[in-house]
Amino acid sequence: MKIIMLGAPGAGKGTQAKMIADKFGIPHISTGDIFRANIKEGTELGKKAKEYMDQGALVPDELTCDLVVDRIKQDDCSKGYILDGFPRTIPQAECLTKALADMDDKIDYAINVDVPDENIVRRMSGRRACVGCGATYHIVYNPTKTEGICDRCGKELILRDDDKPETVQKRLTVYHEQTQPLIDYYKEKGALAEVDGTQDMQDVFNGIVKILEG
Ligand code: AP5
Ligand code: MG
């Protein structure tokens with residue numbers, strides 16, 4: 001099962017992708033998490049990506065496409081995977097479609113988690129992310145058992161650098177300009193499914209499972 005998560009920043013893509021990956025036993029591939037891990041390790045890729053991410057802008061396509069195409073060719077992806085935060089532009093989607101076609105393959109589902117802009121800023125300010133495994137929490141909607149400590153891996157939780165309200169606003173603008181057109185792109189391919197992301201987390205999850213289990 002090859003799945004793409006679409007949706008605005010803060011729509012809950014990462015939250016749902018982790019739950020789906022656990023349920024179906026497939027890897028969760030988040031380009032945002034990959035960039036953040038590289039920033040933490042101080043790699044060349046991390047240094048380049050940080051310049052864009054801190055501004056709320058997109059990292060250039062040429063730095064993302066090859067990275068993802070290489071990742072999905074690894075052995076653990078043979079039964080499928082869930083892509084979170086990629087593709088994010090039409091050229092990225094075209095690059096993915098072509099790479100998959102070369103392997104005689106395609107995306108099965110592009111799931112759009114729909115949340116209006118008004119809800120987004122509120123969610124982001126309360127978000128906490130794990131420095132270890134990338135799990136996301138919310139101080140009100142999805143708190144950890146012990147404050148500041150990840151339930152999954154026991155590492156420390158942080159506020160993301162790009163979750164400041166003015167950067168979130170910029171990310172939303174970029175989303176509407178560059179990423180939203182992917183909804184029509186995958187609709188035309190017959191892969192689009194939509195879920196109301198304003199519901200409770202478990203209800204969003206149940207909605208997605210229903211789509212995936214047909
Ligand atoms: P990325 O890390 O992908 O960030 P994003 O798309 O902006 O999305 P977020 O991770 O902020 O939100 P999410 O939808 O995962 O929501 P979450 O589950 O955390 O990318 C960061 C940056 O990296 C980009 O800006 C760009 O610079 C760069 N980048 C990454 N990929 C790229 C690419 N392909 N090309 C170019 N650049 C790229 O949930 C949000 C909060 O809400 C959490 O606190 C959560 O607990 C809470 N929540 C979730 N669901 C619910 C619910 N149903 N009800 C209440 N609260 C909820
Ligand atoms: Mg995320």
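The shell around ligand 1 comprises 13 nonpolar, 13 polar and nine charged residues (Ala, Val, Leu, Ile, Met, Phe, Trp, Tyr, Cys and Pro count as nonpolar, Asp, Glu, Lys and Arg as charged, and the others, Gly among them, as polar). The model is predicted: local features need pLDDT of at least 70 and side-chain atom pairs pLDDT 80 or more, while totals for chains, interfaces and linings use all residues. Residues are numbered from 1 along each chain as its sequence is written, chains are lettered from A and ligands numbered from 1 in the order in which they are written, and side-chain values use heavy atoms, without hydrogens and water.

Of the 35 residues around ligand 1, those that come nearest are Thr15, Ala57, Arg88, Arg127 and Arg171 (a residue is near if one of its heavy atoms lies within 4 Å). H2 (31-41) is among the elements that each supply at least two residues of this shell (helices are DSSP runs of H or I with at least four residues, numbered from the N terminus). The largest share, four residues, comes from H2.

Helix H5 (residues 90-102) packs with helix H8 (residues 181-188) at an angle of about 30 degrees, and their axes are 10 Å apart (axes are lines fitted to C-alpha atoms over the stretch in contact, and angles run from 0 to 180 degrees between N-to-C directions). H5 and H8 are therefore roughly parallel to each other (angles under 35 degrees count as such). Their contact (heavy atoms within 4.5 Å) involves Ile90, Ala93, Glu94, Leu96 and Thr97 of H5 and Pro181, Leu182, Tyr185 and Tyr186 of H8.

Note on methods
Angles under 35 degrees count as roughly parallel, over 145 as roughly antiparallel, 65 to 115 as roughly perpendicular and the rest as oblique.
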